[in-house]
Amino acid sequence: MWPSTIFRSRKIIFCLVTLVTVLQLYRHRLPLNPFISFLPAAFSSCDSRPIPPIREPSPQVAAQWIQLQDLFDSHPPNLIMERGDFKGGQLAKATVPLLADYLDITSDEAQYMRDEHASVVEALPEYPLGAFSGRGIIILAGGKYSEIAATTLGMTRLLGSRLPVEIWMIDRVEAQEGWCDEMAAQGGMVCRFVSDYLQDMSAFSHHYQLKIAAIMFSSFAEVLYLDADSMPVVNTDPVFDSPAYVDTGAVLWPDYWKATESPYTPYITGQNGTKATSVPDIQTVDSGQMLWNKQKHWKSLCLSAYHNYFGPKYWYTLFTQGGPGWGDKDTFPTALRALKAKWTMIPHRLETQRYDDGTGRGMGSGMAMMQADPADAKEFQPLFLHSNFIKFSVRRLMCDVCIEDPSALSAEQRIKGEEVTFKGSISNRKSNIWKQLNFGIRLFATKDKDGLNDMGRLDTELDMWRVMERVGCTGVFSDDRICRRTRRYLDRTFGLVARWEGGAERKCS
């Protein structure tokens, strides 16, 4: 009896091992088509390569900026209002007294700033004809954000965009060595540096202020602006032909919360003749992605530049009172409202992409914001994934202990020659995605029995990992160990074996 039982047990074990082996062999024979992150695999001919930027940013704009800077310096704020601590928990019970009492602004001080603001509005310059041309994408990068921007840029190209791209940074110190040359060699992409176009950078002390400079100085007449961590989930090129953009020339996307602006904001900016007497029913914006037609909204852009120029010391705090979203984001809609310009706020509330805890049910809190395609006013169709919590840089995710790139260090750290290291999420047990990265579990939570993630039938997560495999295995951000880990994760999680077969250069005869 016992020998028979043992024999049957061994037979069962043998069958199971054989079955597992066959399944593994089947999985490993599934090919992962060769791809590159900066040129989509669909581009098979010269005619379909991205169109490069037509020109360098115009000297007209640099000359006009000098005039604007003189105008702004002539009308500075009469108060210094650094960021406070208007706690998020107060938003749900915000009242006019609460909003009004947070900042200590007298009626005389408000009147003074209203007059100063009106003087700036009156002197705003006309659109500089001939200074810009065409449509294009702007991505703000630099330092550690360049690694994240590499994923966003890769997604843009992988999904089929043929628009030229300008990558903007503060200066060349922020540029990862070799990255700009790598992009330029592939065509349709170029690095730009704010310091090349601003003679005086002293007023730009905060990273939030760089967005307006990048948009204004870019060579494009029509701009799709993207934060480094706001990646497309489908081809973004058709967005310029959406009715929402064609009709108004400016499209902004909503953030989670209502405005917490000072009741004096509409009065100071000339929207109203009196201080607000009710809580504003205004949705704040997520400026991680914006569509802007410069010719239609040049004055609004210049007014936003005024708000950003003195943003950290006045306007950012007036517009948010230190609440969530303190920064550049609400300078854009405020400028549009102040000039009574016609613009579009996407009607769909943003949706939250949750991360998976290994059960497929998600974990309550989110990892990224999903923003809607303006082409569909009736139903929410995802267009952007703005990664406000987990940053999709292959080094930040898959590194054991990595040395920080010099471009990401502070000036003080560079002077001292300090070597700064960081742990990637795969090596950090406190990370919300440590388990997923180590055990081959998808990061994006599914929300129904069919296994659909929060973006429906788009498999953005797979696209993202394909791009990160390319970034981590070739080019300036590559690292052998990170590459192996990324390919192992692709295999375990998606059943794909990365078989890179070359093709980084596609030359046209």
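Is Cys483 buried or exposed? Cys483 is buried, with a relative accessible area of 10%. Keep in mind as you look around that this is a predicted model.

**Disulfide Cys473–Cys483**
- The sulfur atoms of Cys473 and Cys483 are 2.0 Å apart and form a disulfide.
- This disulfide is right-handed, because the torsion about its S-S bond is about 100 degrees.
- Cys473 sits in helix α16 (residues 460-473) and Cys483 in helix α17 (residues 480-494), so the link ties together parts ten residues apart in sequence.
- Cys473 counts as buried too, at 18% relative accessibility.

**Disulfide Cys180–Cys191**
- Cys180 is joined to Cys191 by a disulfide, with 2.1 Å from S to S.
- The link of Cys180 and Cys191 is left-handed, with -95 degrees about the S-S bond.
- Cys180 belongs to helix α6 (residues 179-186) and Cys191 to strand β4 (residues 189-193).
- Cys180 is buried at a relative accessible area of 18%, and Cys191 is buried at 12%.

**Disulfide Cys399–Cys402**
- Cys399 and Cys402 form a disulfide with their sulfur atoms 1.7 Å apart.
- Their link is right-handed, with 115 degrees about the S-S bond.
- Both Cys399 and Cys402 are buried.

**A four-stranded sheet**
- An open sheet of four strands runs in the order β6-β12-β11-β10, with antiparallel pairing.
- β6 (230-232) and β10 (351-354) stand at the edges with a single partner strand each, so one side of each has no neighbour in the sheet.
- From one strand to the next, the twist averages 35 degrees.
- Strands β11 (residues 366-372) and β12 (residues 382-386) are joined by four bridges, and Gln371 stands opposite Phe384 in β12.

Conventions
Residues are numbered from 1 along each chain as its sequence is written. This is a predicted model: local features need pLDDT of at least 70, side-chain atom pairs count only at pLDDT 80 or more; totals for chains, interfaces and linings use all residues. Side-chain values use heavy atoms; hydrogens and water are left out. Two strands pair if DSSP finds at least two bridges between them. Helices (H or I, at least four residues) and strands (E, at least two) are DSSP runs, numbered from the N terminus. Axes are lines fitted to C-alpha atoms, for helices over the stretch in contact, and angles run from 0 to 180 degrees between N-to-C directions. A disulfide is a pair of cysteine sulfur atoms within 2.5 Å. Buried means under 20% relative accessible area, exposed over 50%, partly exposed in between (1.4 Å probe, protein chains only).
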